[in-house]
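Here is a brief report on one protein chain. Look over the sequence and the model before reading on.

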Amino acid sequence: MGRASPLLLILLALGFFFATYNLITMVIHNRRLSSWVRNELGSDMLIDPITGIPEHLKRPKGGREPFHVALTATDVPYSKWQCRIMYYWYKKQKELPGSDFGGFTRILHSGRSDDLMDEIPTFVGYIVLNRPWAFVQWLVKAPIKEEYVLMAEPDHIFLRPLPNLALGGLPAAFPFFYIKPADHEKIVRKFYPLENGPVTNVDPIGNSPVIIKKEILAKIAPTWMNVSLKMKEDPETDKTFGWVLEMYAYAIASALHGVKHILQKDFMLQPPWDLSTKDKYILHYTYGCDYNMKGELTYGKIGEWRFDKRSYLRGPPPKSLPMPPPGVPESVVTLVSMVNEATANIPNWDKK
């Protein structure tokens, strides 16, 4: 056999170097993560982040760990009617078996009281430009007796009693298919430097829905606020992330503090893309639902039948919305049914 060329030997050496480096980095990262999980859970067993929690690690029956529901809101009509529906279903599900709901706070960051103060427990903060700062104010100034907090949105409907899905120091979060830190590594690295670890440390999540220990949120929230402000000031980041900027900021802030989340795929569903509410806890009606009278989705085109929260920017939807035509997915039927039940039972629905 002939002698290998010096260039080939150099390439082989470089290949072995990078392979060894990546292997060592992965081992160190996994050891750190394993050590963190053992410290938090007292267990050598890692949790599968998607499929759930091993049976022997689940809290015993009857051992409630209530969480406080917190949502940020404004005093505009569009926000107010969503908050009223959300609070209606919170009260109804709270009293059922299996619920770990504790108290409830609407964090109103418009700087002044409104006409829902007597209907929904509300904390009035200063006028703020972003959601993270509203949470910072609330955590500093408001007494919260529960150890855990659920960060929620006005357009969330609780489908059933929600247990505490967090586990000790591991918060629970919903994995969003459109939050992809690895696909935007160049931008993420502006705020999560290489020395902090692999970009996979940044979970594919937003800040809501998240169930998290109050003390952990208190550490993350100021960083979340600062990261979001820096992102907004960076034209490339602001343009790329747009309306999901604060979601990425929360995920990066969590990673900067070494906080990993249990990714709970059953935490939430989002019609019309998710077709069934089976085994789900929260219905998030962020997308418009447009169908023809054959029950076929016409997304991107206004349907003959539609429900879109943006149709009611200036005031609440009317009572008794028309039900969708036959063939429309169960998730959309459930959404309209639950909105109609809430509006039929909330006092003075059309007057606020």
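## Helix α5 and Asn-226

Asn-226 sits in helix α5. The model is a predicted one. Asn-226 has a relative accessibility of 38%.

## The largest pocket

The largest pocket holds about 950 Å³ of space. Its lining counts 37 residues. Nearest the centre of the largest pocket lie Arg-131, Glu-153, Trp-243, Glu-246 and Met-247.

Which helix gives the largest share of the lining? It is α5, with four residues. Helix α5 spans 214-233. At least two lining residues each also come from β1 (67-73), α2 (77-94) and α7 (245-256). By residue class, the lining of the largest pocket has 14 nonpolar, 14 polar and nine charged residues.

Ser-99 belongs to the loop between α2 and β2. Strand β2 covers 101-108. Is Ser-99 buried or exposed? Ser-99 is buried, because its relative accessibility is 6% and the limit for buried is under 20%.

Glu-65 is 34 residues from Ser-99 along the chain. The C-alpha atoms of Ser-99 and Glu-65 are separated by 9.7 Å.

## Two cis peptide bonds

Most peptide bonds are trans. Which bonds are cis here? Pro-209 is placed in the loop between α4 (185-191) and β7 (210-213).

Another cis bond runs from Pro-271 to Pro-272, with omega near 5°. Pro-272 lies in the loop between β9 and β10.

## A nonpolar surface patch

The loop between β9 (268-269) and β10 (282-284) also holds Trp-273. Trp-273 has a relative accessible area of 41%. Trp-273 is therefore partly exposed, since this value lies between 20% and 50%.

Trp-273 is part of a nonpolar patch on the surface. Leu-297 and Tyr-299 complete the patch. Together, Trp-273, Leu-297 and Tyr-299 have about 300 Å² of accessible area.

Most residues other than glycine have a negative phi. Ser-320 has a positive phi, near 55°. Ser-320 is in the loop between β12 (305-307) and α8 (330-345). Ser-320 counts as exposed, because its relative accessibility is 62% and the limit for exposed is over 50%.

Asn-348 is not a glycine either, and its phi is positive at about 55°. The residue falls in the segment after α8. How accessible is Asn-348? Its relative accessible area is 45%, so Asn-348 counts as partly exposed.

Terms used
Residues numbered from 1 in each chain as written. Predicted model: local features only at pLDDT ≥ 70, side-chain atom pairs only at ≥ 80, totals over all residues. Heavy atoms only, no water. Patch = residues over 30% accessible without salt bridge, like charges linked within 9 Å, V, L, I, M, F, W, Y side chains within 5 Å. Areas by Shrake-Rupley, 256 points an atom, 1.4 Å probe, with all protein chains shown as cover. Salt bridge = Lys/Arg side-chain N within 4 Å of Asp/Glu carboxyl O. Buried < 20%, exposed > 50% of the residue type's maximum accessible area, 1.4 Å probe, protein only. 1 Å grid on protein atoms, 1.4 Å probe; cavity = no way out; pocket = protein on both sides within 12 Å on 5 of 7 lines; lining within 4 Å. Points joined across faces, edges and corners; volume = space filled by probe spheres on them. Nonpolar A, V, L, I, M, F, W, Y, C, P; charged D, E, K, R; others polar.
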